[in-house]
Amino acid sequence: MERAKPQRARQLDADQVAELITGYQAGATVYELADRFGIERRTVSNILHRHEVPMRRRGLSPEQVDDAIHLYNFGWSLARVGDHLGVNHTTVLNKLRERGVPTRDTHGRPRVEAGGAR
(Lines give C-alpha, C1' and ligand atoms only; values in the text may rest on other atoms or scores of the structure.)
Protein backbone atom coordinates (compact mmCIF):
# COMPACT_ATOMS: atom_id res chain seq x y z
CA MET A 1 0.00 0.00 0.00
CA GLU A 2 1.44 3.36 -1.01
CA ARG A 3 1.62 6.08 1.63
CA ALA A 4 0.18 9.46 0.83
CA LYS A 5 2.82 12.11 0.31
CA PRO A 6 2.68 14.88 2.93
CA GLN A 7 1.06 18.04 1.62
CA ARG A 8 3.25 21.10 1.35
CA ALA A 9 1.97 23.98 3.46
CA ARG A 10 -0.01 26.50 1.42
CA GLN A 11 2.11 29.57 0.70
CA LEU A 12 0.57 33.03 0.67
CA ASP A 13 1.81 35.58 -1.83
CA ALA A 14 2.86 39.10 -0.77
CA ASP A 15 -0.61 40.56 -1.45
CA GLN A 16 -2.29 37.84 0.64
CA VAL A 17 0.17 38.40 3.50
CA ALA A 18 -0.58 42.14 3.39
CA GLU A 19 -4.33 41.36 3.38
CA LEU A 20 -3.89 38.98 6.34
CA ILE A 21 -1.99 41.62 8.34
CA THR A 22 -4.57 44.29 7.50
CA GLY A 23 -7.37 41.91 8.52
CA TYR A 24 -5.71 41.19 11.86
CA GLN A 25 -5.12 44.88 12.54
CA ALA A 26 -8.79 45.52 11.70
CA GLY A 27 -9.85 43.08 14.44
CA ALA A 28 -10.10 39.65 12.78
CA THR A 29 -8.92 36.77 14.97
CA VAL A 30 -6.14 34.39 13.96
CA TYR A 31 -8.82 31.67 13.73
CA GLU A 32 -10.94 33.73 11.32
CA LEU A 33 -7.90 34.53 9.21
CA ALA A 34 -6.82 30.88 9.15
CA ASP A 35 -10.26 29.93 7.82
CA ARG A 36 -10.28 32.78 5.31
CA PHE A 37 -6.87 31.89 3.85
CA GLY A 38 -7.10 28.11 4.23
CA ILE A 39 -4.05 27.85 6.50
CA GLU A 40 -3.33 26.76 10.06
CA ARG A 41 -3.84 29.14 12.98
CA ARG A 42 -0.16 28.71 13.88
CA THR A 43 0.81 29.78 10.36
CA VAL A 44 -1.19 32.99 10.77
CA SER A 45 0.59 33.67 14.08
CA ASN A 46 3.97 32.93 12.48
CA ILE A 47 3.30 35.36 9.62
CA LEU A 48 2.24 38.07 12.08
CA HIS A 49 5.34 37.49 14.24
CA ARG A 50 7.61 37.47 11.18
CA HIS A 51 6.22 40.87 10.18
CA GLU A 52 6.48 42.17 13.77
CA VAL A 53 2.74 42.78 14.08
CA PRO A 54 1.84 43.32 17.78
CA MET A 55 -0.36 40.45 18.95
CA ARG A 56 -3.57 40.95 20.93
CA ARG A 57 -4.05 38.86 24.04
CA ARG A 58 -7.73 38.04 24.02
CA GLY A 59 -8.41 36.04 27.13
CA LEU A 60 -11.64 36.47 29.04
CA SER A 61 -12.75 39.18 31.44
CA PRO A 62 -14.05 38.07 34.86
CA GLU A 63 -17.60 38.80 33.60
CA GLN A 64 -17.03 36.61 30.53
CA VAL A 65 -15.73 33.82 32.77
CA ASP A 66 -18.94 34.11 34.83
CA ASP A 67 -20.93 33.90 31.56
CA ALA A 68 -18.86 30.89 30.41
CA ILE A 69 -19.51 29.08 33.71
CA HIS A 70 -23.24 29.77 33.44
CA LEU A 71 -23.45 28.52 29.83
CA TYR A 72 -21.28 25.46 30.54
CA ASN A 73 -23.40 24.56 33.57
CA PHE A 74 -26.47 25.06 31.36
CA GLY A 75 -25.13 22.24 29.18
CA TRP A 76 -23.19 24.03 26.43
CA SER A 77 -19.98 22.38 25.21
CA LEU A 78 -16.61 24.04 25.73
CA ALA A 79 -16.41 24.58 21.96
CA ARG A 80 -19.84 26.24 21.84
CA VAL A 81 -19.00 28.49 24.79
CA GLY A 82 -15.67 29.38 23.17
CA ASP A 83 -17.34 30.21 19.84
CA HIS A 84 -19.90 32.35 21.67
CA LEU A 85 -17.17 34.30 23.50
CA GLY A 86 -14.73 34.43 20.57
CA VAL A 87 -11.98 32.33 22.17
CA ASN A 88 -10.63 28.80 21.83
CA HIS A 89 -12.29 26.01 23.84
CA THR A 90 -9.00 25.48 25.69
CA THR A 91 -9.18 29.04 27.02
CA VAL A 92 -12.66 28.28 28.37
CA LEU A 93 -11.47 25.00 29.91
CA ASN A 94 -8.51 26.69 31.62
CA LYS A 95 -10.73 29.42 33.09
CA LEU A 96 -13.28 26.87 34.35
CA ARG A 97 -10.48 24.90 36.01
CA GLU A 98 -9.07 28.07 37.61
CA ARG A 99 -12.49 28.66 39.17
CA GLY A 100 -12.79 25.02 40.30
CA VAL A 101 -15.72 24.20 38.02
CA PRO A 102 -16.07 20.41 37.52
CA THR A 103 -15.86 19.56 33.81
CA ARG A 104 -17.56 16.87 31.73
CA ASP A 105 -16.03 14.33 29.38
CA THR A 106 -16.94 14.24 25.67
CA HIS A 107 -20.07 12.22 26.52
CA GLY A 108 -21.34 14.76 29.04
CA ARG A 109 -20.43 12.70 32.09
CA PRO A 110 -18.58 14.25 35.06
CA ARG A 111 -14.83 13.75 34.66
CA VAL A 112 -13.12 11.37 37.05
CA GLU A 113 -9.71 12.67 38.06
CA ALA A 114 -6.77 10.30 37.59
CA GLY A 115 -6.52 8.01 40.59
CA GLY A 116 -10.06 8.84 41.71
CA ALA A 117 -12.83 6.33 42.44
CA ARG A 118 -14.76 5.13 39.42
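Guide: Contact here means that heavy atoms lie within 4.5 Å. Keep that in mind as we go through this predicted model.

Visitor: Which residues in α3 do Val-17, Leu-20, Ile-21 and Tyr-24 in α1 meet?

Guide: Start on the α1 side, with Val-17, Leu-20, Ile-21 and Tyr-24. Across from them, in α3, are Val-44, Ile-47 and Leu-48.

Visitor: At what angle do helix α1 (residues 14–25) and helix α3 (residues 41–50) pack?

Guide: Two packed helices are described by the angle between their axes and the distance between the axes. For α1 and α3, the axes are 10 Å apart. The range 65 to 115 degrees counts as roughly perpendicular, and α1 is roughly perpendicular to α3. The packing angle is about 90 degrees.

Visitor: How many nonpolar residues does the contact of α1 with α3 have?

Guide: Sort the contact by class. It has no polar and no charged residues. The nonpolar count is 7.

Visitor: How many helices are there in the protein?

Guide: Read the elements from the N terminus on, and they run α-α-α-α-α-α. The protein has 0 strands. The number of helices is 6.

Visitor: At roughly what angle do the axes of helix α5 (residues 78–85) and helix α6 (residues 89–98) cross?

Guide: The axes of α5 and α6 come within 8 Å. The two helices are roughly perpendicular. Their crossing angle is roughly 105 degrees.

Visitor: Which residues of α6 make the contact with α5?

Guide: From α5 come Leu-78, Ala-79, Val-81 and Gly-82. Counting both sides, the contact has 6 nonpolar, 2 polar and no charged residues. The α6 side is made by His-89, Val-92, Leu-93 and Leu-96.

Visitor: How far apart are the axes of helix α4 (residues 62–73) and α6?

Guide: First the angle: α4 and α6 pack at about 95 degrees. They are therefore roughly perpendicular to each other. The distance between their axes is 10 Å.

Visitor: How many charged residues are in the contact of α4 with α6?

Guide: On α4, the contact uses Val-65, Ala-68, Ile-69 and Tyr-72. On α6, it uses Val-92, Lys-95 and Leu-96. By class there are 6 nonpolar and no polar residues. The charged count is 1.

Visitor: Over the ring of which residue does the charged end of Arg-80 sit?

Guide: The distance from the charged end of Arg-80 to the ring centre is 3.8 Å. The ring belongs to Trp-76.

Visitor: Which residue lies over the face of Tyr-72?

Guide: Tyr-72 is also one of the α4 residues in contact with α6. The residue over its face lies 3.8 Å from the ring centre. That residue is Arg-104.

Visitor: How many aromatic pairs does a search of the whole structure find?

Guide: Two rings pair if their centres lie within 6.5 Å. The whole structure was searched for such pairs. The total found is 0.

Visitor: Is Gly-23 buried or exposed?

Guide: Gly-23 is in helix α1. Setting aside residues up to four places away in sequence, Gly-23 touches Ala-28, Leu-33 and Arg-36. Its relative accessibility is 11%, and the limit for buried is under 20%. So Gly-23 counts as buried.

Visitor: What is the phi of Glu-52 near?

Guide: Most residues other than glycine have a negative phi. Glu-52, in the loop between α3 and α4, has a positive one. At 71% relative accessibility, Glu-52 counts as exposed. Its phi is near 55 degrees.

Visitor: What percentage of the 118 residues of the protein count as buried?

Guide: Thr-29 is one example: its relative accessibility is 17%, so it counts as buried. Across the 118 residues of the protein, the buried share is 31%.

Terms used:
Residues numbered from 1 in each chain as written. Predicted model: local features only at pLDDT ≥ 70, side-chain atom pairs only at ≥ 80, totals over all residues. Heavy atoms only, no water. Phe/Tyr/Trp six-rings, centres within 6.5 Å; stacked < 30°, edge-to-face > 60°. Lys NZ or Arg CZ within 6 Å of the ring centre and 35° of its normal. Axes fitted to C-alpha atoms, helices over the stretch in contact; angles between N-to-C directions. Helix = DSSP H or I, 4+ residues; strand = E, 2+ residues; numbered from the N terminus. Parallel < 35°, antiparallel > 145°, perpendicular 65-115°, else oblique. Nonpolar A, V, L, I, M, F, W, Y, C, P; charged D, E, K, R; others polar. Buried < 20%, exposed > 50% of the residue type's maximum accessible area, 1.4 Å probe, protein only.
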